[in-house]
Amino acid sequence: MNVQNDPGLAVCLASSFCGYHAHAGFLNELDRRGWRPGKIAGSSAGALAGGLWAAGIRGEALEGLFRSWRMKWAFIDALAIPRFILLPSVWGSSGVLSAKPLKRFLKQLIGDRRIEELSGPSVELAVFNLAKSKGEIVREGPLAEFIAASLAVPMLFAAQEIEGEWFVDGGVTNETPFEHWLDDPAVHTILVHTIRHESPSERKSWSPGAVAASVHSVTAGEALRRRREMAEASGKRVHFLETRTPPPGLFQGKRAGALIEAGRATAAAWVG
């Protein structure tokens with residue numbers, strides 16, 4: 001079956017430390033083969049790839065962007081070192097990185113567009129609302145700012161203030177934001193794209209990013225198991241598609257192309 005611009009096809013892009021390369025390859029390969037979702041939900045890295053794709057940055061434009069030094073520099077913060085030193089003190093920030101350069105970069109790409117104003121697939125981004133102490137699915141609001149908020153790993157990034165509320169990484173509680181579709185009669189097929197890194201036994205060294213990813217994978221794996229059970233009980237067509245990649249890192253360098261291709265291969269294998 002070849003589905004084009006199908007409002008009943010929903011794609012969930014899971015959180016994964018710097019997994020946006022594989023998500024970009026996955027979305028682009030689906031699109032190339034005529035599978036165009038009507039809904040995209042993303043958490044953390046999935047919010048970055050899905051948000052930009054839904055805003056019209058697709059194909060080689062998206063993949064080239066994620067390979068570029070422009071993207072890498074968007075995560076760099078000149079005050080990161082003093083923030084790191086002051087982090088344990090009462091004068092410290094809530095995170096090492098402010099995300100201000102990232103938000104400026106995203107706004108250069110997509111302007112001040114709001115989530116509810118996008119003309120492509122509807123977009124839903126997972127965030128954690130600090131004031132309410134709960135995860136939320138955001139369907140309206142400034143796109144660039146909520147992408148940055150969904151990426152804001154606690155302690156690494158400062159909490160993000162948006163329209164009077166404070167948010168951090170959506171992957172804290174909802175690394176695979178798809179369960180809200182299980183009761184949606186308009187959705188007939190759900191694709192959940194997750195990214196798995198090499199297991200600890202396969203590693204020869206540990207970077208800070210790899211440590212964070214390994215710790216997070218323990219709780220994320222249990223939450224995903226529970227969501228799989230919910231999906232099976234719902235009777236809805238839910239496909240869990242996993243892309244296996246090398247260890248995470250903020251600066252992927254030459255490896256970025258291989259990560260994109262890994263996401264492409266996952267989509268191609270599912271389409272068949």
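1. Gly56 follows α2, and its phi is positive, near 105°. Helices here are DSSP runs of H or I with at least four residues, strands are runs of E with at least two, and both are numbered from the N terminus.

2. A word on the model. It is predicted, so local features need pLDDT of at least 70 and side-chain atom pairs count only at pLDDT 80 or more, while totals for chains, interfaces and linings use all residues. Residues are numbered from 1 along each chain as its sequence is written, and side-chain values use heavy atoms, with hydrogens and water left out.

3. Now α2 itself, residues 45–54. Of its 10 residues, 10 are buried, so the helix is largely enclosed by the rest of the structure. Among them are Leu48, Leu52 and Trp53. Buried means under 20% relative accessible area, exposed means over 50%, and partly exposed lies in between (1.4 Å probe, protein chains only).

4. Next, a helix pair. Helix α1 (residues 20–32) packs with helix α9 (residues 256–271) at an angle of about 40°, and their axes are 7 Å apart. That makes α1 oblique to α9. Angles under 35 degrees count as roughly parallel, over 145 as roughly antiparallel, 65 to 115 as roughly perpendicular, and the rest as oblique. The axes are lines fitted to C-alpha atoms over the stretch in contact, with angles from 0 to 180 degrees between N-to-C directions.

5. Who touches whom? On the α1 side the contact includes His21, Phe26 and Arg32, and on the α9 side it includes Leu259, Arg264 and Trp270. Contact means heavy atoms within 4.5 Å. By class, the contact has 10 nonpolar, 5 polar and 3 charged residues. Ala, Val, Leu, Ile, Met, Phe, Trp, Tyr, Cys and Pro count as nonpolar, Asp, Glu, Lys and Arg as charged, and the others, Gly among them, as polar.

6. On to the rings. The whole structure has 7 aromatic pairs. Rings of Phe, Tyr and Trp (its six-membered ring) pair if their centres lie within 6.5 Å; planes under 30 degrees apart are stacked, over 60 edge-to-face, and the rest tilted. Trp69 and Trp73 form a tilted pair, 6.4 Å centre to centre with 45° between the planes. Both are exposed.

7. Phe75 and Phe157 form an edge-to-face pair, 6.4 Å centre to centre with 65° between the planes. Phe75 lies in the loop between α4 and α5 and Phe157 in strand β6, so the pair ties together parts 82 residues apart in sequence. Both Phe75 and Phe157 are buried.
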